[in-house]
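Please open the structure in a viewer and keep the selection panel at hand.

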Amino acid sequence: MSDMALSRQEQKKRFGTLVKALFTYAKPYKFRFAQAAASMMLLAVIRGAVVYILGPVIQGVFVDKKLEILTLVVIGLPVIFALRMAAEYTNAYLMSWIGQKVVQQIRDDLFNHIHRLSIEFYWRKRSSDVMSRVINDLNNVQSAVQFIPLYAIRDVLTVTSLLGVLFYINWRFALVSLMILPVAGIVLGILGKKMRRASEESNILVGEISHKFQESLQGITVVKAFNYEDEAIRRFRATNDSYFSKTMRYLRATAMAGPLMEFLGGMILIAVIYLGGKAISAGAMTTANFFSFVAGFFTAYMPLKNLANLNAKLQLGLASWERIHQILEERPAVIVTSKPGNLAGLDGKIEFRNVNYKYPSRETQVLKDLSFVINPGEVAALVGPSGSGKTTIIHLLLRFFDPLTGSIAVDGHDLRDLGTTDLRSHLGLVTQDTILFDDTVFRNITIGKPDASREEVAAAAKAADAHAFIDAMPQGYETVLGERGIKLSGGQRQRLAIARAIIKKPEILLLDEATSNLDTASEQAVQSSIEKILGGRTVVMVAHRLSTVRNADRIFVLKKGELAETGSHQELLAKGGIYRGLYEAQT
Ligand SMILES: Nc1ncnc2c1ncn2[C@@H]1O[C@H](COP(=O)(O)OP(=O)(O)OP(=O)(O)O)[C@@H](O)[C@H]1O
Ligand SMILES: [Mg+2]
């Protein structure tokens with residue numbers, strides 16, 4: 001056995017899992033599917049029947065000149081055609097309904113799923129890549145779910161029923177027409193392989209294109225200020241060009257399929273006419289039967305052409321479904337124990353014990369054997385040079401990821417024994433870069449507490465020194481903040497973020513450069529009102545500006561992921577170490 005055989009086996013297995021996973025989505029709609037399949041069967045029978053009666057009708061009306069048959073045609077055929085219309089509508093409608101329903105469920109699951117994944121997933125994946133899967137790939141899956149059963153059942157049934165009629169009319173001719181099938185199979189098989197490869201490559205490029213769009217849209221100020229437009233456009237064009245050629249490779253194969261089938265059909269038709277002409281003149285076949293046969297052949301032609309497209313849809317759909325399935329298969333890196341402990345309330349004690357951490361994408365260790373304790377109610381400050389690991393500590397506390405070795409505990413509970421939702425419900429966070437959602441001011445604040453009242457929101461905004469500028473806005477708290485909150489200044493955004501954290505009244509408040517964009521007066525006002533509202537709770541604050549942290553109970557000075565000094569502002573100044581150096585440089 002060679003490697004190739006093995007990989008083919010693996011491929012088959014992979015294919016099996018993929019199809020099975022997709023089937024799980026379609027399963028709830030099996031009743032509707034049965035209805036659709038029944039109407040497809042009806043349609044196939046009607047199409048066969050129409051061809052079947054064509055011969056006798058031609059014979060009766062035009063050759064034998066029987067008028068009663070003409071009456072039958074005028075009365076009977078409309079009924080059959082109406083039935084055919086109803087069957088066609090029913091199966092097309094039901095299949096698009098199922099396709100949409102399946103995709104709606106997958107979309108829902110995707111949205112749910114990405115919310116359950118750990119931060120680590122977002123480090124690895126670009127948002128535009130995820131987006132292109134959700135939009136573009138899902139579209140391909142929808143079209144596959146909708147059309148493949150139509151082509152595979154309706155058209156296979158139609159072709160089968162027509163073949164039956166053709167065999168009945170003249171089995172020798174029917175055998176000749178059957179020759180189309182193996183030839184078509186081989187041709188379409190070869191094209192299918194090409195399509196699959198090309199569609200995989202073009203799917204990836206769709207992600208690349210939406211990434212470039214997103215980057216330029218979000219970074220437009222930098223693009224303009226640095227005259228980066230031409231370079232950005234040039235780079236985009238390269239991607240766009242290669243998307244064009246990859247997609248054309250897919251489309252070339254797709255475009256080949258139809259005409260090739262048509263050509264093969266034409267060849268067979270010539271053979272049928274040749275044989276038919278000879279058979280009629282030899283008296284072995286009636287003209288009526290011959291026309292009926294040719295009509296059957298033409299009726300089979302559209303469904304056969306669809307069967308050629310079946311492969312294209314299947315290849316595209318499978319390649320796309322695989323990309324979606326990859327996301328659905330992602331598992332959170334942060335594991336929640338099966339029976340997480342319950343935190344009724346917290347005193348707010350934080351304990352780091354020999355914590356080591358390294359980001360998966362990096363070699364260097366970010367935190368080295370870090371141990372410290374923050375007592376309940378203490379205001380602790382983390383200071384240290386950029387890149388020394390302060391934000392990493394905050395994120396570890398939120399359990400965005402776990403330490404490699406060592407442990408972190410709150411009130412003596414190891415974070416790994418707690419549910420992340422439970423843990424985070426006791427923590428408040430103001431991040432280094434303020435994230436505002438495309439929603440009203442009010443709702444941007446109530447993210448911290450969805451059931452908060454107007455009064456609570458106003459109180460939190462006042463404490464964050466935000467009430468005045470919110471009130472001055474045209475719609476006050478109902479003002480909608482634009483995409484990424486671009487209508488606000490850096491300091492205003494920060495104050496909203498602080499209000500959002502305060503309203504939650506968390507037992508532990510984590511402030512990562514939360515007041516870096518505020519002027520000193522506003523910073524002091526915010527600090528004292530935080531103290532008033534959250535007095536007695538644990539606060540961990542990160543700041544570069546040392547005036548921000550001088551009132552902290554204890555200051556932890558970090559250097560390259562290690563704790564260099566600890567103490568109050570006065571103690572650290574007296575010590576004459578790193579902190580004093582930093583302080584003197586700032587004043
Ligand atoms: N998601 C990440 N993946 C890989 N490395 C990271 C990631 N986030 C941070 N790092 C690296 O880890 C180190 C510590 O980063 P961290 O953000 O904790 O520093 P910091 O002390 O908060 O710095 P600053 O004061 O500039 O905010 C840095 O060297 C940084 O480059
Ligand atoms: Mg930081």
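Does Ser-210 count as buried, exposed or partly exposed, and why? Ser-210 counts as partly exposed because it has 19 C-beta neighbours inside 10 Å; a residue is called buried with 20 or more other C-beta atoms within 10 Å of its own, exposed with 12 or fewer, and partly exposed in between, with C-beta atoms placed from the backbone.

Before continuing, note that this is a predicted model, in which local features need pLDDT of at least 70 and side-chain atom pairs count only at pLDDT 80 or more, while totals for chains, interfaces and linings use all residues. Residues are numbered from 1 along each chain as its sequence is written, and chains are lettered from A and ligands numbered from 1 in the order in which they are written.

**First stop: Ser-210 and its helix**

Select helix H7 (residues 180-218), where Ser-210 is located. Helices (H or I, at least four residues) and strands (E, at least two) are DSSP runs, numbered from the N terminus. Show Ser-128, Met-131 and Ser-132, which Ser-210 touches when residues up to four places away in sequence are not counted; contact requires C-beta atoms, placed from the backbone, within 7 Å. Met-131 lies 79 residues from Ser-210 along the chain, and their C-alpha atoms are separated by 8.0 Å.

Axes are lines fitted to C-alpha atoms, for helices over the stretch in contact, and angles run from 0 to 180 degrees between N-to-C directions.

**Second stop: H2 and H5**

Select helix H2 (residues 30-63) together with helix H5 (residues 127-169): the two pack at an angle of about 25°, with axes 8 Å apart. H2 and H5 are therefore roughly parallel to each other, and H2 passes H5 in a right-handed crossing. Residues that make the contact include Ala-37, Gly-48 and Gly-55 of H2 and Ile-153, Ser-161 and Ile-169 of H5.

In the hairpin of S4 and S5, with two residues between the strands, Asp-411 takes a positive phi near 50°.

Select the strands of the open sheet ordered S6-S7-S8-S3-S9-S10, which has mixed pairing. Its edge strands are S6 (427-430) and S10 (562-567), each pairing on one side only, and the twist averages 15° from one strand to the next.

Which residues cover the two faces of S7? Ile-508, Leu-510 and Asp-512 are on one side and Leu-509 and Leu-511 on the other, all buried. Five of the five residues of S7 are buried, so this strand is largely enclosed by the rest of the structure. S7 runs parallel to S6, to which four bridges join it, and parallel to S8, through five bridges. Leu-509 is the bridge partner of Gly-428, while Leu-510 stands opposite Val-540 in S8. S3 (residues 379-383) and S8 (residues 538-542) pair in the parallel sense over four bridges, among them one between Leu-382 and Val-542.

**Last stop: H16 and the cores**

H16 lies across S6 and S7 (508-512), running at about 180° to S6. The largest nonpolar core has 67 residues, and Ala-381, Ala-499, Ile-502 and Met-541 have the most contacts inside it. Such a core is a set of buried Ala, Val, Leu, Ile, Met, Phe, Trp, Tyr and Cys residues joined through C-beta atoms within 7 Å. Helix H16 (residues 490-503) supplies the largest share of this core, seven residues. A second, separate core of 57 residues includes Ile-106, Val-141, Val-165 and Ala-300.

Terms used: Pairing = 2+ DSSP bridges. Contact = placed C-beta atoms within 7 Å. Parallel < 35°, antiparallel > 145°, perpendicular 65-115°, else oblique. Left-handed = near helix turned anticlockwise from the far one by under 90°.
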